[in-house]
Amino acid sequence: MKEEVRAKLMKPKYDVTSFYHTSGLFQRIARDTWFENVTMCVIGFNALWISIDTDHNHAEVLLDAHPIFQIAEHAFCFFFAFEWFVRFQSFQNKLNGFRDAWFVFDSLLVGMMVFETWAMTGVILATGSGSSVGLGNASILRLFRLLRLSRMVRMLRAMPELMILVRGMMASVRSVFFVLMLLIILMYIFAIAFVQLMSGTEAGAMYFSTIFSAMYTLLVHGTFLDDLKVVLDDLGGPTNGGSLFFAVFFFVFILLAALTVLNTLIGILCEVVSAVAATEKEALTVNFVKGKMAQVIGAIDDNGDSTISRKEFEKIMENRDAVRALKESGVDPEGLVDFTDFIFEDPSDGGGDMVLTFAAFMEVVLQFRGSNTVTVKDFVELRKWIASTLQQELKYFRDRFPSHGGTKNNLEVVDPPRSKDLMCKSSLLKVGGAPHGSKNKLQGTELLPCKGGVMKTPLECKLKEVYLTLGRLEAFLVASDFELRRFSSMDTWVSTGSEDWEQAAKDRVQEFLFLHSLIEVEDIRERMKPPRNSVVLGSFQKLRVWLAQVEKLILCDVQPHLSKMLECKDYSWIVSVTESLSERLNELEQLRDGFRF
């Protein structure tokens with residue numbers, strides 16, 4: 001669907017060669033760049049020859065001209081007639097020639113040239129006059145030769161810089177029109193003022209006798225600043241009935257018209273031409289890169305499927321011409337190599353490689369230009385990528401954890417230092433094999449015996465027990481925090497919308513918080529009979545306060561909202577709860593350091 005919308009929005013690129021035959025001599029000549037270049041050279045030389053013919057050929061008809069001019073005219077007429085014939089024969093459907101504006105224009109010019117050079121000469125020879133007798137108005141035909149100069153417009157296609165200027169002027173026509181309208185309004189207002197103020201004076205009769213003469217004076221002398229000193233002397237001097245007020249008033253018009261409006265017009269022209277030049281340069285660069293890459297890909301495409309795979313891309317990056325073309329277009333070839341995995345990653349295949357068409361490949365490559373600016377589309381694609389990544393992580397998390405309580409799987413806790421990253425925290429949980437809720441529900445963290453091991457004193461045994469129990473509690477709180485955050489962001493990146501999913505997530509939160517977490521809190525309290533040791537007494541007191549905060553958070557903040565969350569569809573409370581839970585987890589990390597052994 002996206003491709004269909006893009007095709008409808010894009011303006012189709014016109015190419016007259018699409019109407020040509022696909023095989024044959026004439027179409028091959030018409031498509032050849034040498035033929036096009038030779039035609040441009042002949043057009044330029046013909047334009048120069050018209051100036052020589054105008055200065056030195058004073059004959060009214062070709063038969064009366066010097067043989068040099070006759071030979072030149074016949075040669076030009078033959079070449080342009082041959083060019084027209086070649087292009088006409090190249091059309092597969094001859095009526096398509098009328099659909100091409102350049103071909104119709106050339107047909108008119110060639111027809112007039114053939115009529116003047118060959119038809120008129122034949123008529124003169126047939127009548128036997130041998131001169132311009134009876135053709136006194138034949139010199140009018142010489143004026144039609146000036147129309148041949150219009151053929152030079154075709155040379156603009158061979159000179160992109162000239163086309164940029166022409167398109168810039170065409171794009172600024174509307175703005176220039178309104179600026180000129182503003183200038184005319186100013187001249188009209190000041191013309192009325194000057195006619196009324198200087199009525200009955202000699203200077204007024206000289207420059208501002210009528211509205212039209214006043215506007216002419218303001219345009220020539222006030223806008224184009226022609227003979228400004230003479231006009232100001234007449235307006236400001238008392239000889240012609242002028243005064244200083246009239247001179248100052250004229251200066252006000254000069255300030256508005258010549259210094260403001262005309263400079264605004266120049267600024268508009270510069271801005272529009274610069275914008276058009278940037279757009280045209282961008283298009284030329286893209287076309288150059290596409291043409292060069294098409295040649296390189298055509299040379300290395302062994303299977304001939306017109307697609308680019310990862311291996312073919314590596315061959316492209318080994319080609320010097322392709323690398324230089326990318327560099328000229330603003331693409332960093334070295335950085336492009338680093339993004340190879342991203343370019344050929346197939347999201348539907350679990351990260352496998354995919355092949356790209358030439359159009360898709362060029363679209364992706366040109367997105368890596370350093371001159372590109374960030375657009376709303378880029379943010380939307382980034383959002384989609386983040387959502388896809390989070391969904392993959394969610395699937396991974398679901399596979400690693402049971403969907404709800406009561407399963408035969410259990411959780412095993414590994415005891416490395418706690419990471420601040422939520423996904424790193426969740427990786428602390430592993431699937432084990434004892435039922436939830438059992439006293440030995442967590443394997444791998446059984447209390448180590450205090451005999452014959454590292455633990456040599458009762459204090460060290462107690463610290464070890466509290467430390468491991470805090471590790472289990474931290475894992476369950478992390479899992480609860482993760483599930484709650486899924487609820488708060490469900491509207492933006494979870495698209496299931498299933499009530500079964502919501503119920504399962506709620507069951508997991510209840511299991512992690514009300515079953516496992518509270519059991520671990522009670523277990524810690526049983527082990528919190530601190531010895532009379534001033535070194536660890538402060539840690540036990542801080543832990544007791546922290547446990548009370550956790551119980552209050554679970555029983556007073558989470559439980560009332562969680563029980564009616566699905567009925568009311570209210571998830572606003574989760575933000576404050578997760579913030580409080582994150583604070584408790586940060587405090588827990590510091591508390592556990594006090595029980596290291």
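The legends below describe close-up views of a predicted model.

**Figure 1. The largest nonpolar core has 32 residues.** Within this core, F194, F208, L218, L235 and F250 touch the most other members. At least two core residues come from each of α8 (173–197), α9 (202–207), α10 (211–223), α11 (228–236) and α12 (244–300). The most is given by α12, with twelve residues. The contacts of L218 are with M187, F190, A191, F194, F208, T223, F250 and F253, residues up to four places away in sequence not being counted. Another core, of 27 residues, lies apart from this one and includes L513, V550, L562 and I574.

**Figure 2. A cluster of aromatic residues is linked by ring pairs.** The members of the cluster are F190, F194, Y207, F208, F245, F246, F249, F250 and F253. Among them, F194, F208 and F250 are also named with L218 and L235 as the residues of the largest nonpolar core that touch the most other members. L218 touches F190, F194, F208, F250 and F253, among others. In the whole structure there are 22 aromatic pairs.

**Figure 3. Y20 and F91 form an edge-to-face aromatic pair.** The ring centres of Y20 and F91 are 5.3 Å apart, and the planes stand at 85°, so the pair counts as edge-to-face. Y20 belongs to the loop between α1 (2–9) and α2 (25–31), and F91 to the loop between α4 (67–90) and α5 (101–127). The pair thus links distant parts of the chain, 71 residues apart. Both Y20 and F91 are buried.

**Figure 4. W49 and F69 form a tilted aromatic pair.** The distance from centre to centre is 5.6 Å, with 45° between the planes. Because W49 lies in helix α3 (residues 33–56) and F69 in helix α4, the pair ties together parts that are 20 residues apart in sequence. W49 is buried, and so is F69.

**Figure 5. The charged end of K94 sits over the ring of F88.** The distance from the charged end of K94 to the centre of the F88 ring is 5.4 Å.

**Figure 6. Salt bridges that share partners join E36, E83 and R87 into one network.** In the bridge between R87 and E36, the closest N and O atoms are 2.9 Å apart. R87 lies in helix α4 and E36 in helix α3, so this pair ties together parts that are 51 residues apart in sequence. R87 also meets E83 in a salt bridge, at 3.1 Å from N to O. R87 and E83 are both in helix α4, four residues apart, which is about one turn of the helix. R87 counts as buried because its relative accessibility is 11%, under the 20% limit. E83 is buried as well, whereas E36 is partly exposed, with a relative accessible area of 22%.

Figure 7. D233 counts as partly exposed at 43% relative accessibility, and K229 counts as exposed at 62%. A search of the whole structure finds three salt bridges.

**Figure 8. A258 is a buried residue of helix α12.** The relative accessible area of A258 is 9%. Its contacts are G222, T223, L225, F253 and N263, not counting residues up to four places away in sequence. The C-alpha atoms of A258 and F224 are separated by 6.9 Å, although the two residues are 34 residues apart along the chain.

**Figure 9. Two of the spans annotated as "transmembrane region" in UniProt are shown, residues 98–115 and 165–198.** The unreviewed UniProt entry places this feature at residues 34–52, 67–86, 98–115, 121–144, 165–198, 204–224 and 244–269. Residues 98–115 are 83% helix and 0% strand, and the end C-alpha atoms of this span lie 21 Å apart. Residues 165–198 are 94% helix and 0% strand, with 44 Å between the end C-alpha atoms.

Definitions and conventions: Residues numbered from 1 in each chain as written. Predicted model: local features only at pLDDT ≥ 70, side-chain atom pairs only at ≥ 80, totals over all residues. Heavy atoms only, no water. Core = buried A, V, L, I, M, F, W, Y, C linked by side-chain atoms within 4.5 Å. Buried < 20%, exposed > 50% of the residue type's maximum accessible area, 1.4 Å probe, protein only. Contact = heavy atoms within 4.5 Å. Phe/Tyr/Trp six-rings, centres within 6.5 Å; stacked < 30°, edge-to-face > 60°. Lys NZ or Arg CZ within 6 Å of the ring centre and 35° of its normal. UniProt positions renumbered as here; feature names shortened; annotations may be inferred. Salt bridge = Lys/Arg side-chain N within 4 Å of Asp/Glu carboxyl O.
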